[in-house]
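Visitor: I am new to protein structures and would like to learn how to read one. Could you walk me through it, feature by feature?

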Amino acid sequence: MYRNTPPRSTIRLTRRGRLVLIATGAVVAGTAVAVPLLSLRGEGEREPTTLVIPEGWRAGQIYDAVDKALAQPPGTAKKSLAKANLKLPNDAEGNPEGYLFPATYPLERGGRKTTPEALLSFMVDTANKKFNGAPIAAGAQRNALNVYQAVTIASIVQAEAATEADMGKVARVVFNRLERGMPLQMDSTINYALNRSTLRTTGADTKIDSPYNSYQRMGLPPTPIDNPGEAAMRAAINPTPGDWLYFVTVKPGDTRFTNSFEEHRRNVAEFDKNQRNPAAAG
């Protein structure tokens, strides 16, 4: 462990969580529907013909989306994993998290409605095409990573970065901490372990017994924590040069990166003040 690291109980690398479920309306483009936000269709309305998977959704959200899009009982898509024969890397140990690639997928093929296992296979095949090509695979190797590790870093970047412009900096924080033997201390991994999305991580949260507790455990989490898009993948293999070790989104549009723990503490104090008085942060 990096001996110059302040006590873990005093550190908050970031207080930012991605509130992916706040928007309750569907993301609609033509007949494309992002689910689990499907509303009941009125009489005469057309069934959706495509399913949009947004960047950063977790596998559980995608299973729910597939079930609703295909009008299947809840839990059907997850149960279909056993017969889907997904082409996952060995490191995944059958868990498709990180490989359900965000994109728009057809719900019909040859005039027939697709099946959950076929839809999930399509997502994984798309991920393999994106991740195993020369740019990503070579970039991972250049950073002494395998592709699965790069996807895992990209999933953290996807969850933590407030904007696409910040993704490369977040990736650099991950690399800098790994290189220094520091715990990642990413709130997004705690959120994943607790199956939630929040801006608040308590001291008790950081003590949970989970392989995804990056406050207590060193290195990367055992799997990706969501399904990252192409921008996050690019950031994971091409992190922005810098010496940052900490970051926090003080208010919307104001994410601060620093290598100084004391400066980070001041930034977190400002974040806390803004959380208590949201009107002042606007």
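Guide: Let's begin at one residue: Thr-198 sits in the loop between α8 and α9. Please keep in mind that this is a predicted model.

Visitor: Is Thr-198 buried or exposed?

Guide: The general idea is to compare relative accessible area with a cut-off: under 20% is buried, and over 50% is exposed. Thr-198 has 19% relative accessibility, so it counts as buried.

Visitor: Which backbone atom lies 3.1 Å from a polar atom of the Thr-198 side chain?

Guide: That is the backbone nitrogen of Arg-200.

Visitor: What about Asn-195, where is that placed?

Guide: Asn-195 is also in the loop between α8 (187-193) and α9 (230-237). Its relative accessibility is 63%, and it counts as exposed. Look at its backbone too: phi is positive, about 55°, although Asn-195 is not a glycine.

Visitor: Where is Ala-144, and what is its phi?

Guide: Ala-144 lies in the loop between α5 (134-142) and α6 (147-160). Its phi is near 60°, a positive value in a residue other than glycine. Ala-144 is exposed, with 69% relative accessible area. You can find a positive phi after α1 as well: Ala-71 follows that helix, and its phi is near 55°.

Visitor: Let's turn to helices. How many helices and strands does the protein chain have?

Guide: There are 11 helices and eight strands. Buried residues make up 49% of the 282 residues in the chain.

Visitor: Why is helix α1 described as largely enclosed by the rest of the structure?

Guide: The way to read this is to ask how many residues of a helix are buried. In α1 (residues 59-69), eight of the 11 residues are buried, so the helix is largely enclosed by the rest of the structure. Those residues are Ala-59, Gln-61, Ile-62, Tyr-63, Ala-65, Val-66, Asp-67 and Ala-69.

Visitor: Which elements do the buried residues of α1 pack against?

Guide: They pack against β3 (50-52), α2 (76-79), α3 (81-84) and α4 (116-131).

Visitor: What can I read from the span of α4?

Guide: A helix can be checked by comparing its end-to-end span with the span expected for its number of residues. α4 has 16 residues and reaches 22 Å from its first C-alpha to its last, close to the 22 Å expected at 1.5 Å a residue.

Visitor: Which residues of α4 are buried?

Guide: Here is the general idea for a helix. An α-helix has 3.6 residues a turn, so residues three or four places apart point the same way. In α4, the buried residues include Pro-116, Leu-119, Leu-120, Met-123, Val-124, Ala-127 and Phe-131.

Visitor: How many aromatic pairs does the structure hold?

Guide: It holds eight aromatic pairs. To read a pair, check the distance between ring centres and the angle between ring planes. Tyr-99 and Phe-131 are edge-to-face, at 5.3 Å centre to centre and 85° between the planes. This pair links distant parts of the chain, with Tyr-99 in the loop between α3 and β4 (104-106) and Phe-131 in helix α4, 32 residues apart. Tyr-99 is buried at 2% relative accessibility, and Phe-131 is buried at 1%.

Visitor: Why is the pair of Phe-247 and Phe-257 called stacked?

Guide: Their ring centres are 5.3 Å apart and their planes are at 25°, so the pair is stacked. Phe-247 lies in strand β7 (residues 246-251) and Phe-257 in strand β8 (residues 254-258), so the pair ties together parts that are 10 residues apart in sequence. Phe-247 is buried at 1% relative accessibility, and Phe-257 is buried at 12%.

Visitor: Which residues form an aromatic cluster?

Guide: Tyr-99, Phe-101, Phe-131 and Tyr-148 form one.

Visitor: What lies over the face of Phe-122?

Guide: Arg-109 does, at 4.5 Å from the ring centre. Arg-109 belongs to strand β5 (residues 108-109) and counts as partly exposed, at 46% relative accessibility. To see how the chain folds back, compare sequence with space: Arg-109 and Thr-49 are 60 residues apart in sequence and 9.9 Å apart in space, C-alpha to C-alpha.

How values were computed:
Residues are numbered from 1 along each chain as its sequence is written. This is a predicted model: local features need pLDDT of at least 70, side-chain atom pairs count only at pLDDT 80 or more; totals for chains, interfaces and linings use all residues. Side-chain values use heavy atoms; hydrogens and water are left out. Buried means under 20% relative accessible area, exposed over 50%, partly exposed in between (1.4 Å probe, protein chains only). Helices (H or I, at least four residues) and strands (E, at least two) are DSSP runs, numbered from the N terminus. Contact means heavy atoms within 4.5 Å. A polar contact is a pair of N or O atoms within 3.5 Å; within protein, one must be able to donate a hydrogen and the other to accept it, and residues adjacent in sequence count only if both atoms are side-chain atoms. The expected span of a helix is 1.5 Å times one less than its number of residues. Rings of Phe, Tyr and Trp (its six-membered ring) pair if their centres lie within 6.5 Å; planes under 30 degrees apart count as stacked, over 60 as edge-to-face and the rest as tilted. A charge sits over a ring if NZ of Lys or CZ of Arg is within 6 Å of the ring centre and within 35 degrees of the ring normal.
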